[in-house]
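Dear colleague,

Please find below the structure for your records. My notes on it follow directly after.

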Amino acid sequence: MAKHTLVALVADKPGVLNRMASLFRRRGFNIESIAVGRSEIPDLSRMTIVVEGTTGMVEQVRKQLDKVVDVVRVSDITDTDLVARELALIKVRATSATRSEIMQIVDIFRANIIDVAADSLTVEVTGDEDKIDSLFNLLRGFGIKELSRTGRIAMPRGGVSPLPADKDSPKTRSKQPRT
Amino acid sequence: MKMTGGQIVCEGLIKEGVEVIFGILGGAILPLYDTLPRYPQLRHVLVRHEQCAAHAADGYARATGKVGVCFATSGPGATNLVTGIANAHLDSSPVVAITGQVARPFIGKDAFQEVDITGITLPITKHNYLVLDAGSLARTVKEAFYVARTGRPGPVLIDIPRDVFIEEVEYHYPGRVDLAGYKPTLQGHPAQIKKAAKLINEARQPLIIAGRGVIISGAYAELKRLAETAQIPVVTTLLGIGCFPESHILSFGMVGMHGMAYANMAVNAADVLIAIGMRFDDRATAKVSAFAPHAKIIHIDIDPAEIGKNVRVDVPIVGDVKVVLGALNKLILSTQHVDWFTQLDDWRKEHPSIVIRECDGLLPQYVVRQIYEVTRGEATIVTGVGQHQMWAAQHYWYDRPNSLISSGGLGTMGFGLPAAIGVKIGRPEETVWCIDGDGSFQMTMHELATVVQEKVGVKIAIIDNGYLGMPRQWQELLYSKRYVASRLSGPDYVKLAEAYGIPALKVKYKEEVAPAIERAMAEPGPFLIDFVVEPEENVYPMVPPGAALVEVLEEPEIRAKVRSDSAKLPLSNI
């Protein structure tokens with residue numbers, strides 16, 4: 001069992017998320033995170049899904065996802081050189097005694113304080129999961145009032161994306177079944 | 001030109017070549033029904049339960065190769081379709097289901113007869129749509145038919161709110177479909193085809209295992225050419241029956257749980273297995289880890305998600321079976337496999353598999369044989385699900401393309417009669433026999449009314465053993481004969497048929513069988529025969545659940561007879 005990052009280009013239509021989620025649910029996968037937003041192509045969204053499973057199981061779901069009519073393309077980019085980021089908002093308890101210490105920690109992580117209240121600070125942090133986990137662990141001692149994470153968004157580094165914008169290329173990608 | 005949503009649907013159906021619709025009306029779909037009289041070229045067949053509308057559309061689709069269409073109203077009408085849609089989904093049958101939905105302002109408010117049918121059918125359709133404006137209806141209908149019939153076929157549902165049927169919009173039917181996310185691969189990869197050809201040309205014990213994909217793509221000639229050129233024996237899955245003539249010298253029958261013992265042994269011994277348009281269903285493979293242990297496997301299928309799903313594959317080829325076989329055949333050398341055939345023929349002698357035991361009573365296998373004899377093998381057989389289905393698969397010889405229509409993947413009892421109605425309506429010139437069990441028949445026997453109202457000349461043979469026979473057989477063999485809830489009563493089927501206005505006969509003795517079938521054949525319209533058979537006859541051969549394909553239980557009396565005739569190796573040593 002390992003964590004897999006799938007990236008999908010899907011039609012921006014009602015029900016698409018449901019169609020995809022149900023293929024995971026049916027096989028008992030727990031989706032660790034899912035993030036969707038507009039892509040560079042009109043009417044298409046890009047989705048990043050993180051799931052845990054064996055390579056065989058994930059590949060089977062990937063193929064099933066690829067069959068969904070509203071899914072233009074989906075690839076498992078776990079083994080490619082990729083950039084991945086997540087954003088988190090952390091509302092941490094802060095008193096006049098602790099406020100400056102929190103601000104120092106936030107600085108070290110190159111995170112931002114985006115809201116200040118009498119008894120709390122809200123921190124915005126971007127990075128990979130480890131960085132967010134570390135910051136969270138450091139702030140935990142002050143008392144966390146609320147945490148919200150976007151889940152991972154990812155894309156392969158530089159070069160050609162495995163999800164090119166060319167809408168007419170065949171849907172079944174080069175990931176040739178092993179021979 | 002301006003048209004109502006209902007008219008747009010009908011125009012679309014006609015553009016897509018639809019001639020027959022199976023359905024039941026109701027409040028939400030009434031506006032669509034109200035437009036039907038304007039389109040007399042659309043024949044509507046009123047069924048008695050929506051499940052049967054879907055089964056009939058499915059049967060029609062399988063028999064004709066065209067898309068089958070069914071209508072149902074919202075709520076219970078739509079939910080009743082579900083079993084039929086799931087059945088079409090698992091057997092890759094092109095069906096378009098159109099359901100009425102409550103009017104748009106009521107959606108999501110638990111309105112009368114409201115159900116989220118697109119949500120419910122999400123995992124059992126190839127695709128589905130909820131149409132929220134009449135302006136997108138034409139495109140949706142076009143897409144639905146395109147998706148249903150291309151690639152690996154399957155059911156598509158279109159849910160249309162009542163007020164969308166009434167809404168008037170400008171009508172324009174799109175000429176083509178452009179779906180970025182749906183581009184089926186038809187051509188096989190040339191390098192993979194080359195690899196496959198090399199394996200086949202070098203094989204010493206090659207075997208073809210062919211499935212329904214051959215029938216769907218109409219690759220009968222290509223399959224025959226491959227088998228004959230390279231002298232490769234052919235076995236089929238249940239749904240593959242009718243893709244290759246069964247009395248052909250290269251045919252070794254059906255594989256799987258109730259397949260021929262020698263067919264299963266052939267799979268076990270093959271060094272190259274060419275799987276064509278089949279998906280390694282667990283009823284065909286038995287224990288997967290012991291499946292084809294010596295074989296390099298070539299898998300040809302149009303659905304990339306089937307590759308490597310159940311069985312490891314050495315040479316996958318994604319593409320349309322007809323196209324791929326056409327390309328493959330150019331690379332295949334003419335060969336002989338004399339030793340292989342000698343071996344297979346020996347196994348066939350040692351494990352005859354479908355020899356009927358001696359019995360004074362009426363055996364179900366005998367009934368199927370007699371239907372074969374009297375129809376000279378020229379009928380299309382439609383079955384329900386259960387023991388009778390296996391006997392129909394085993395004891396009728398299917399030499400004609402696509403001549404067995406049966407529920408394979410979902411195993412839907414009750415499929416027989418409604419599917420037979422669809423088959424007969426799709427191919428009226430064909431002799432259609434519905435071979436059904438008494439349990440299976442009782443699930444949808446209300447469709448006798450449809451048979452009469454629509455004058456469907458289908459012949460019905462009930463294999464009546466007073467049991468839910470397949471579970472009873474499992475209880476006998478696997479649950480120490482504890483017959484819990486498998487004993488089954490039924491009506492007097494002859495009186496029942498007569499009540500509907502269908503002539504019928506009850507048959508209890510061997511000598512009555514052939515005359516009764518002849519009598520049914522002489523009748524221009526429908527006919528029903530209730531064959532009261534030996535109640536506890538079992539289906540053999542049988543691979544018990546969890547066992548390997550070669551761990552076959554054979555008919556004990558026949559097995560003993562063969563054993564005493566010749567002291568051959570026991571089955572387990574092979």
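In strand β7 (residues 120-127) of chain A, Val125(A) is the bridge partner of Ala88(A). Strand β5(A) and β7(A) run antiparallel and are joined by eight bridges. Strands are DSSP runs of E with at least two residues, helices are DSSP runs of H or I with at least four residues, and both are numbered from the N terminus. Two strands count as paired if DSSP finds at least two bridges between them.

The model is predicted: local features need pLDDT of at least 70 and side-chain atom pairs count only at pLDDT 80 or more, while totals for chains, interfaces and linings use all residues. Residues are numbered from 1 along each chain as its sequence is written, and chains are lettered from A and ligands numbered from 1 in the order in which they are written.

Five bridges link β5(A) to strand β8 (residues 144-149) of chain A, where Leu147(A) faces Ile90(A).

Chain B contains 23 helices and 20 strands. Its 574 residues would give a compact globule a radius of gyration near 25 Å, and the 24 Å of chain B agrees with this. That radius is taken over C-alpha atoms, and the globule rule is 2.2 Å times the number of residues to the power 0.38. Along the principal axes, the C-alpha atoms of chain B fill a box of roughly 80 × 60 × 40 Å.

One open sheet of chain B has six strands in the order β3-β2-β4-β5-β7-β6, with parallel pairing. Its edges are β3 (43-46) and β6 (127-130) of chain B, each of which pairs on one side only. Ignoring direction, neighbouring strands of this sheet are turned by 20° against each other on average; axes here are lines fitted to C-alpha atoms, for helices over the stretch in contact, and angles run from 0 to 180 degrees between N-to-C directions.

Helix α3(B) lies across β2 (20-23), β3, β4 (68-72) and β5 (95-101) of chain B, and runs at about 170° to β4(B). Contact between two residues means that their C-beta atoms, placed from the backbone, lie within 7 Å.

Two helix pairs of chain B may be described in turn. Helix α3 (residues 50-64) and helix α4 (residues 76-90) of chain B have axes that come within 6 Å and cross at roughly 30°. The two are therefore roughly parallel, a class that takes angles under 35 degrees, with over 145 as roughly antiparallel, 65 to 115 as roughly perpendicular and the rest as oblique. The crossing of α3(B) and α4(B) is right-handed, a term used if the near helix is turned clockwise from the far one by less than a right angle, anticlockwise being left-handed. By class, their contact has five nonpolar, seven polar and two charged residues. Ala, Val, Leu, Ile, Met, Phe, Trp, Tyr, Cys and Pro count as nonpolar, Asp, Glu, Lys and Arg as charged, and the others, Gly among them, as polar.

The axes of helix α8 (residues 190-202) and helix α13 (residues 321-329) of chain B come within 9 Å and cross at roughly 60°. α8(B) is therefore oblique to α13(B), and the crossing is right-handed. Ile193(B), Ala196(B) and Ala197(B) of α8(B) meet Val324(B), Ala327(B) and Leu328(B) of α13(B). This contact has six nonpolar, no polar and no charged residues.

A second open sheet of chain B, again of six strands with parallel pairing, has the order β11-β10-β9-β12-β13-β14. β11 (251-254) and β14 of chain B each have a single partner strand, so one side of each is left without a neighbour in the sheet. The twist averages 15° from one strand to the next. Strand β13 (residues 296-301) of chain B runs parallel to β14(B) and is joined to it by four bridges, with Val315(B) as the bridge partner of Ile298(B).

Finally, the contact between the chains takes 21 residues from chain B and 20 residues from chain A. On the side of chain B that touches chain A, strand β14 (residues 315-318) of chain B gives the most, with three residues. The residues of that side divide into 13 nonpolar, four polar and four charged.

With kind regards
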